[in-house]
Amino acid sequence: MPANPICVALDTPDLDRAVALARSLKPHAGYMKVGMEFFYAHGIQGYAKVAGVGLPIFLDLKLHDIPNTVASAMKSLMRLEPKPVIVNVHATGGLDMMKAAADAVAGQANLIAVTVLTSLSDDDIWAAGFETAKDTQTHARALAELSQRAGLDGVVCSPHDLTGIRHDLGRDFLTVVPGIRPADAATQDQKRVATPAEAMASGADILVVGRAITGSADPARAAQDILAGLHAG
Ligand code: C5P
């Protein structure tokens, strides 16, 4: 895996913009993240154009369905060229679904599970029916443990959940962490955020950064600044 932990979220439905961003950010990032916003607009051909720029791809489609459907969808994703290095499912899809996904991926990519979205607070998860969950951190730890039991390689989690997950699941379990905001940046729709340095200090392996880079007037400079901040820390 690349030494540079920055994974830039190419959240745009504009193909030319996504490719231009990928090209300009290639020297300053370790990964590019292709998510629903781009993939639903441009599909396999769009994916191939962005992946063709040359950085490893995290394909963030967050599959969440019955085991048979997720396994079959994962098999289709494993036929993409070049293959994504990271793919994911929602841990709330359950143990059997995650096991089926892992069988389908069969070691061809890192398979990780979304625990509790960084846009959700304690009140949000209780309102969504997870009333017995003590709080988002405890819920994320339980989902991370379930993901490891299913044989997954790691999780997507908030910076706030990292300490507990590292404590429970060890150093080798991959942690991919969105909700990253430089100290002066607006949180926007994210609720459980941290700075890049705070997330790394808590044990993040990969930092997912979207709008703090792509929404900047100079995305390459914004990525350079984040990286420089990490090295200074
Ligand atoms: O712009 P921002 O840095 O908030 O983008 C975060 C990215 O990470 C988005 O692409 C979002 O879909 C993704 N993500 C997230 N929270 C998760 C999982 C993925 O924000 N739990």
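Reader: Before we start, what do buried and exposed mean here?
Author: A residue is called buried when its relative accessible area is under 20%, exposed when that value is over 50%, and partly exposed in between. Please keep in mind that this is a predicted model.

Reader: Fine. Which residues of helix α4 are buried?
Author: In helix α4, which spans residues 95-105, the buried residues are Met97, Met98, Ala100, Ala101, Ala104 and Val105.

Reader: What do the buried residues of α4 pack against?
Author: They pack against three strands, namely β3 (57-63), β4 (86-90) and β5 (110-114), and also against the helices α3 (67-77) and α6 (136-149).

Reader: You mention α6. What about Ser147, is that residue buried or exposed?
Author: Ser147, which is found in helix α6, counts as buried, because its relative accessibility is 0% and the cut-off for buried is under 20%.

Reader: Which residues does Ser147 touch?
Author: Leaving aside residues up to four places away in sequence, Ser147 touches Ala91, Met98, Ala113, Leu152, Val155 and Phe173. Met98 in that list is also one of the buried residues of α4.

Reader: Switching to the backbone: where is there a cis peptide bond?
Author: The cis peptide bond joins Glu81 and Pro82, with an omega of about -10°, and Pro82 is found in the loop between α3 and β4.

Reader: What about phi, which residue just after α4 takes a positive value?
Author: That is Ala106, whose phi is about 50°. Another positive value, about 45°, belongs to Lys62, although Lys62 is not a glycine.

Reader: Where does Lys62 sit, and how accessible is Lys62?
Author: Lys62 has its place in strand β3, and with a relative accessible area of 21% this residue is partly exposed.

Reader: Then there's Gln188. What is its phi, and where does Gln188 lie?
Author: Gln188 is a residue other than glycine with a positive phi, near 55°, and it lies in the loop between β7 (174-177) and α8 (196-201).

Reader: Why does Gln188 count as partly exposed?
Author: Gln188 counts as partly exposed because its relative accessibility is 44%, and partly exposed covers values between the buried limit of 20% and the exposed limit of 50%.

Terms used: Residues are numbered from 1 along each chain as its sequence is written. This is a predicted model: local features need pLDDT of at least 70, side-chain atom pairs count only at pLDDT 80 or more; totals for chains, interfaces and linings use all residues. Side-chain values use heavy atoms; hydrogens and water are left out. Buried means under 20% relative accessible area, exposed over 50%, partly exposed in between (1.4 Å probe, protein chains only). Helices (H or I, at least four residues) and strands (E, at least two) are DSSP runs, numbered from the N terminus. Contact means heavy atoms within 4.5 Å.
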